[in-house]
Amino acid sequence: MNSKEQNNEYPVLSREEAIKILNTPDEQLDELIAKAEKLAENTRATM
């Protein structure tokens, strides 16, 4: 995630990180979504 110190409750993506995600090849999207879902589950579990 964004390397700058953030005081947000939720993770923040930098512009470059968001563009990288948007440019993910179609054949990698299922894996990316699965990782995001796992991360969301872990984040909710720790809150």
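Thr24 lies in the loop that connects helix 1 (15-22) with helix 2 (29-46); helices (H or I, at least four residues) and strands (E, at least two) are DSSP runs, numbered from the N terminus. The model is a predicted one, in which local features need pLDDT of at least 70 and side-chain atom pairs count only at pLDDT 80 or more, whereas totals for chains, interfaces and linings use all residues. Residues are numbered from 1 along each chain as its sequence is written, and side-chain values use heavy atoms, with hydrogens and water left out.

Thr24 is buried, since its relative accessible area is 16%; buried means under 20%, exposed over 50%, and partly exposed in between (1.4 Å probe, protein chains only). Beyond its neighbours within four places in sequence, Thr24 is in contact with Leu29 and Leu32, contact meaning heavy atoms within 4.5 Å.

The chain as a whole contains two helices and zero strands. Of its 47 residues, 4% count as buried. Its accessible surface amounts to about 4600 Å², with 52% belonging to carbon and sulfur atoms; such areas come from the Shrake-Rupley method with a 1.4 Å probe, and for residues only the protein chains shown count as cover.

One salt bridge is found in the whole structure, defined as a side-chain nitrogen of Lys or Arg within 4 Å of a carboxyl oxygen of Asp or Glu. It joins the side chains of Glu31 and Lys35 at 3.2 Å, N to O. Both residues belong to helix 2 and are four residues apart, about one turn of the helix. Glu31 counts as partly exposed because its relative accessibility is 48%, and Lys35 counts as exposed because its relative accessibility is 51%.
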